[in-house]
Amino acid sequence: MIEFKDIAKIYPGNQVAVEDVNLTFEEGEFICFIGTSGSGKTTCMRMINRMNEPSKGQILINGQDIQSMNPVELRRKIGYVIQQIGLLPHMTIYENVVMVPRLLKWNEEKMRATAEDLIQRVDLPLSYLDKYPSELSGGQQQRIGVIRALAADQKIILMDEPFGALDPITRDSLQKLIKRLQKELGKTIVFVSHDMDEALTLADKIVIMDKGHVIQFDSPENILKNPKSKYVRDLIGEEKINEAKTSFNTVETIMLKNPVSINQDKTTYEAIKLMREKRVDTLFITDQDQKLVGVVGMFDLSKMGRQVKPVREIMVKPEYIHRETKIKDAVRAIWQLDIRNMPVVDDENKLVGIVTRASVVDTIYTNLWGEEEDSQDNPEGEDHA
Ligand code: ADP
Ligand code: MG
């Protein structure tokens with residue numbers, strides 16, 4: 001666990017690099033610092049291994065003030081990776097991978113075992129350990145670069161825009177790789193980026209910095225749902241925010257209330273009458289507690305002819321969704337089942353609404369193209385200040 005307690009870094013001339021930083025990172029989390037250039041990301045990150053000393057406040061690692069630790073010892077326990085430095089061409093892949101472990105004076109067997117384990121994790125043959133970088137493709141070399149960063153068995157790894165100089169396709173595949181290895185190996189990674197997409201992809205928690213201050217610290221999902229200011233919205237981009245609204249909101253926000261329903265003891269005659277009156281082709285059937293118990297379609301009723309029966313006897317079990325189901329999951333269900341609508345129930349299985357294909361299309365349309373006036377999704381009103 002890493003804690004920042006009231007951290008500030010102030011350079012001579014009262015130049016504030018960062019201020020009022022309070023953060024807690026849990027073990028095994030992938031943390032991304034994000035913000036515009038000069039916002040204080042690197043400064044914060046480098047304070048974790050004391051490459052940068054705070055002017056104020058404390059940093060604790062597993063409860064221990066790092067100020068009380070020997071900085072050299074501390075740095076041994078924390079990996080540090082800056083912009084993807086290439087592999088050293090005159091050294092084998094093996095020597096490249098175990099560069100830091102060798103500095104830490106590990107014995108040969110342990111280094112060999114580690115290198116073999118890691119190279120297998122990135123799907124390269126063991127024999128590659130004895131090759132030279134020039135014998136590998138560019139992509140393979142990049143993967144070796146990533147495992148080299150993880151080789152020294154350090155629980156915490158700091159990465160300062162490691163993929164900043166790479167083309168988008170390579171960056172994409174290395175992001176997936178680092179994320180997978182981080183989970184597999186249980187590392188805590190503190191990663192600096194200026195690319196919000198990268199942060200949203202990688203992070204468990206994102207620290208958004210602006211002019212030396214933490215503006216928002218939360219999960220990608222919460223940040224997408226509730227960007228705290230115009231600055232955050234701009235970093236994310238309006239398109240992504242709208243996309244997120246569609247996917248993360250619950251069906252409750254788009255369902256139509258008061259779906260047409262009838263008690264299970266009513267007759268098929270009454271059911272048809274009600275359908276005609278309300279101009280619907282499906283009727284939801286409830287029990288005396290308003291709990292959803294079935295559904296009948298116009299077609300089923302018309303097959304009955306003039307026979308009259310309680311609807312209970314001809315209803316079928318309905319597909320339904322819970323009011324807190326995410327819209328994206330509801331959309332998937334409606335499309336997969338190829339149905340026109342779905343009833344929505346609450347915790348007690350009471351019928352509370354209906355989601356129709358049309359209402360889903362409306363939401364998707366609105367979120368993609370916007371409403372005339374989108375003041376409602378701007379609760380703090382900052383944009384219009
Ligand atoms: P980022 O990584 O977000 O681009 P930095 O953490 O590198 O930002 O820098 C934060 C602020 O601190 C910037 O305004 C920068 O100019 C300032 N700064 C960084 N290092 C020094 C220094 N050695 N002396 C004075 N100011 C510095
Ligand atoms: Mg930086």
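The model is predicted.

Start at ligand 1. Its surroundings include Tyr11, Gln15 and Ala17. Then comes a run of residues from Thr36 through Ser37, Gly38, Ser39, Gly40, Lys41 and Thr42 to Thr43. Two elements, β2 (15-25) and α1 (41-47), each bring at least two residues to this shell. Helix α1 gives the most, with three residues. By class, the shell has eight polar residues, two nonpolar and one charged.

Now look at the polar atoms. Gln15 places a polar side-chain atom 3.4 Å from a nitrogen atom of ligand 1. Backbone atoms take part as well. A polar backbone atom of Ser39 is 3.2 Å from an oxygen atom of the ligand. For a polar backbone atom of Gly40, the distance to an oxygen atom of ligand 1 is 3.0 Å. How much of ligand 1 does the protein bury? Taken alone, the ligand exposes 560 Å², and the protein buries 62% of that.

Turn next to the largest pocket. Rolling a probe the size of a water molecule over the atoms shows where empty space is left. The largest pocket holds about 500 Å³ of space. Its lining counts 21 residues. Nearest the centre lie Gly79, Tyr80, Val81, Val100 and Gln154. Which of them supplies the largest share? Strand β6 does, with five residues. The lining divides into 13 nonpolar, five polar and three charged residues.

Finish with the charged pairs. The structure holds 25 salt bridges. One of them joins the side chains of Lys179 and Asp204, at 3.6 Å from N to O. Where do the two partners sit? Lys179 belongs to helix α7 (residues 168-185). Asp204 lies in the loop between α8 (196-202) and β9 (205-210). The partners are 25 residues apart, and the pair links distant parts of the chain.

Methods
Residues numbered from 1 in each chain as written. Chains lettered and ligands numbered in written order. Predicted model: local features only at pLDDT ≥ 70, side-chain atom pairs only at ≥ 80, totals over all residues. Heavy atoms only, no water. Near = heavy atom within 4 Å. Polar contact = N/O pair within 3.5 Å; in protein donor to acceptor, adjacent residues only side chain to side chain. Areas by Shrake-Rupley, 256 points an atom, 1.4 Å probe, with all protein chains shown as cover. Helix = DSSP H or I, 4+ residues; strand = E, 2+ residues; numbered from the N terminus. Nonpolar A, V, L, I, M, F, W, Y, C, P; charged D, E, K, R; others polar. 1 Å grid on protein atoms, 1.4 Å probe; cavity = no way out; pocket = protein on both sides within 12 Å on 5 of 7 lines; lining within 4 Å. Points joined across faces, edges and corners; volume = space filled by probe spheres on them. Salt bridge = Lys/Arg side-chain N within 4 Å of Asp/Glu carboxyl O.
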